[in-house]
Amino acid sequence: MWNLVKRLFYLVVLLHGPGVSAEVGFTRDVLPILSDNCYFCHGPDARQRKGGLRLDIRADALKKKAFVPGDPDASELMVRILHEDPEERMPQQSSERSLSEDQKQTLRRWIAEGAVYEKHWSFVPVKRPDPPLPGLHPVDAFVRARLQEEHLAPAPEAEPMALIRRVSLDLTGLPPTPGEVDRFLADTSPGAYAKLVDRLLASARYGEHMALNWLDAARYADTDGYQNDGPRTMWRWRDWVIEAYNRNLPFDRFTIEQLAGDLLPNAGLAEQIATGFNRNHRYNSEAGIPLDEFLLENAVDRVDTTATLWMGLTLGCARCHDHKYDPFSQEEYYQLIAFFNSVPESGRAVKFGNSEPWVISPTGDQALKLAEHAARIRQAKQVLAKAEADVAGAQAKWEAALSGKPKPVPPVGQGQVHHLPLGTLGPKQKIEMGKPVFEPGVVGRGLRTGGQAKVNLGAAAGFYCQSRFSLAFWLRPDRVDTGVILSNQGGGSKRPGLAVEMKEGRLQFYIITRWIAGVACVETSAPLVAGEWVHVTLTNDGSQSATGMAVYLNGARADTQIRHNTNSNAGGSKGALTFAAGVFGDHFVGMIDELRVWNRTLWADEIAIVSVPETIRQLSAIDRDARTPRQAAALRAAFLEHAAPPRLRKQAKAWFDARLAHEKYLDRLPTTMVMQEMDAPKKTFLRKRGVYNSYGEVVSRGVPGIFPALERDDHPNRLDLARWLVSGAHPLTARVAVNRYWQLYFGGGLVKTAEDFGRQGELPSHPGLLDWLAAEFVASGWDVKAMQKLIVTSATYRQQSHVHPEALARDPANRLLARGPRQRLSAHAIRDQALAVSGLLVEKQGGPSVSPYQPANFWSNLSNMRYKQGKGEALYRRSLYTIWKRTLNPPSMALLDAPEREACRVNLKRTNTPLQALTLLNETLFVESARNLASRMLREGAGDPVHFGFREVLARPPGTAEKILLDAALAEYRANFQADPAAARKLLKTGQSPVDAKLDPVELAAATTLANVLLNLDEAITKP
């Protein structure tokens, strides 16, 4: 019976198999069958592999006699796929996979022809093929050769008006003006179109338009994502991308700076900002998250995004096990994780702001202002230096009059909010526990406790993690293993506030907003000595981070270790300071003296002054030549602040004010999250089944073995990885990049699956063209603008987009490129076009994201954040600059298929829904744009508003039939509003831009309705 089945099968194949005479190709014909149906159980994943049979490696398959070259009957594969017993037949029924008769025939013929394997096409190094039709533009040579094979003819060139509209939208995201159309039509020179392309590429709009697709792929957003989805500030990275495209930064440098700009020699601010690319991922600020889990999630996102954008691979499939289809092991995946796993980040996001590491990132104008501040500091210091002789003389007279006045040295007074000598209790201070005593201290008497005391010092300063402050005191710990020295923590388990403690010999400085989810703590590296006095100064720079907290001992900054850095919430406590006890921890044993609090961060030179123990009289009694630099500085500061003649005091104050103004300006500057490396790389462990706390073996940094090796294999870093990607030897980087460029213009890549160049991805429609473009990209020096020009100047791009029935039947998706590209405009381009033709568009490049119109309460109904709508020009900026809340995308753009930015997205999405039409007809921005376009139609239309509006929107005049229809529509709208003037007035109130009072409301309302129709025409929202 079984032999009969086989004979019948082979007879069917012989009589009915298509293309029997053609040789079976492994990559084209066989690999898709094996990959889709067999590799899941018999592929690269060793843990999933059944029966010890591996089919993706020829030697392994031959060893198991799955294939016997030249003999299908002896091949186990054919036996199993034709088996009459469903339990023995492959693929198994439980897999929900099955082979068609044609697929079985293909496998049989392939085995008969020798069962030859080929390396997957995208893993083969790029070799520049010769264009098949000499004399043509290289793109056209490949495309037309394929059309000839398919017996199809290319479409004629598009009309000039359609062509300028198409290329303007494709290169800048904005339509041409009628004036630009006229100038293009008037230029009859052979190079007119090339000159047009050059002008568009030189426009600042080009960088904005190109950046948009990169932002989608790079998962850029103005919020963190997850439950809270709090705000972050990353627009400086967005602006870096725009500028990079506009200055035509070569793609290899574009890659290196984003993946590893911080590791470049002499890396500047721009290179650091560029690395924000790999900080664009989601961050979780929830209190209860396991930090190790989300540290892993961060690294996973960086690897997956890097793999998608530069290699077009689904490497994330290897997180939990060996890849089931492509030759990547789980170990190799975690070797890549190791490159991105040593960032000094806490794992929990700051709820409102940027999470570490970040840098202050001034714009160009702000950098100039910073330079002005620095110049004012230098100038003020120079003025004071020139008055040195006057200062020295006046100070000498002052010192001579100091005898008999044993007062403490007046420390830095600016910003001091509390001074507690602690030689006795003040009226607001009280003993709450125990019996502390007053004994001789460093300056007069100090306060000592024996271990069971608690003293309320009555100093409520407000120690908040997001605010600048400084705290200084003399300390003598008699016991250094434990003890709370100072605290203003609130009660309860959250313990918000400040705490200073001894712990195992070291001093710990805490700012807590919520234990343990919101804690910043630094600890001195060196221990304190029991029984010895030390001056302690603690400072906080308001950055909401442990890296902004410092400990100074005896006037010098101490080395510290970060113990906690998860202060994701703004907050702290304004409660009174207590000495020797807190809400948690042992009582302190020892003395404290001369406590002072400032509402700003003291500078290092001020801290050195504060830590001088001598009184003014004692300092003045020391011979000038015998004074230490700190002693001399302390005496000088006290004189200039408190006793100098008015002119000198004013000059000293000017220097202080200049420094303080510079610091306050710095605090207002934007920051951006960046990549940094820890001093010592973290160990990276393979995670069993991908679970964050299921550790496997330690892995070192490396790249998949199927690709060329790294140039440096001894302790490679992200810079080595970035250079490896753009070395020119990597088989995927250039292919993937040019494929996405092609997708921008034709709606789909030469490889349709832009995210997957692996075995499960689509084969290239024009493999020779893809490789020629990739080779050309590398040979050009990775010239991005040159590649755009190469594509859009081809005859393939310039074809008419009219669809002929035969071409539609043969090639409905236009994969053969027998016609020009035609697809709906992106959400951003539709909105920007409406703004541009209406005259509302504000063309201001860069800057913070803006908040245009949005449905009322959209955010507050769905999240814990409120949307604050902008005003004025903020409503009319390009859509690129619209604030992007990751979990609640701008609704009108989301409806129009703008990609979500939860993760990397490289494929275009186009849908058709009634909601899209309702949005374009009714959303505030589109109605307001129609009203402003209508105003232009009436003011500038020279008596023919229909012709003017039609040409503004579509870059061509209306045809006769179109003109008759639209004129009739305008007359009908006019009649309707004449019958209902109140409706006209209501319509004109839409939007915040002013209504032209010189225009008749009825006429303007009628023209607005017509303009709304024009903006909604299929031709208006579709690339011609």
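Helices (H or I, at least four residues) and strands (E, at least two) are taken here as DSSP runs, numbered from the N terminus. The model is a predicted one, in which local features need pLDDT of at least 70 and side-chain atom pairs count only at pLDDT 80 or more, while totals for chains, interfaces and linings use all residues. Residues are numbered from 1 along each chain as its sequence is written, and side-chain values rest on heavy atoms, with hydrogens and water left out.

With a relative accessible area of 24%, R974 is partly exposed; buried means under 20%, exposed over 50%, and partly exposed in between (1.4 Å probe, protein chains only). Residues up to four places away in sequence aside, R974 touches V1002, E1003 and A1006, where contact means heavy atoms within 4.5 Å. The C-alpha atoms of R974 and T1009 are separated by 9.4 Å, although these residues are 35 residues apart along the chain.

H535, in strand β13 (residues 534–541), is buried, at a relative accessible area of 2%. Apart from its neighbours within four places in sequence, H535 is in contact with A472, F473, W474, Y552, L553, N554, V610 and S611.

Two helices can be checked against their expected span, which is 1.5 Å times one less than the number of residues. Helix α17 (residues 364–386) has 23 residues and reaches 33 Å from its first C-alpha to its last, close to the 33 Å expected. Its buried residues include Q366, L370, H373, I377, A380 and L384, and their cover includes α18 (388–400), α21 (629–642) and α22 (646–668). In helix α6 (residues 101–112), the end C-alpha atoms are 17 Å apart, which agrees with the 16 Å that its 12 residues should span. The buried residues of α6 are K104, Q105, T106, L107, R108, R109, W110 and I111. G114, which follows α6, has a positive phi, near 120 degrees.

Finally, a helix pair: the axes of α13 (residues 251–260) and α23 (residues 718–725) come within 9 Å and cross at roughly 155 degrees. Axes are lines fitted to C-alpha atoms, for helices over the stretch in contact, and angles run from 0 to 180 degrees between N-to-C directions. This crossing makes α13 roughly antiparallel to α23, a term for angles over 145 degrees. The contact is made by T255, I256, L259 and A260 of α13 together with R718, L719, A722, R723 and L725 of α23.

Notes: Parallel < 35°, antiparallel > 145°, perpendicular 65-115°, else oblique.
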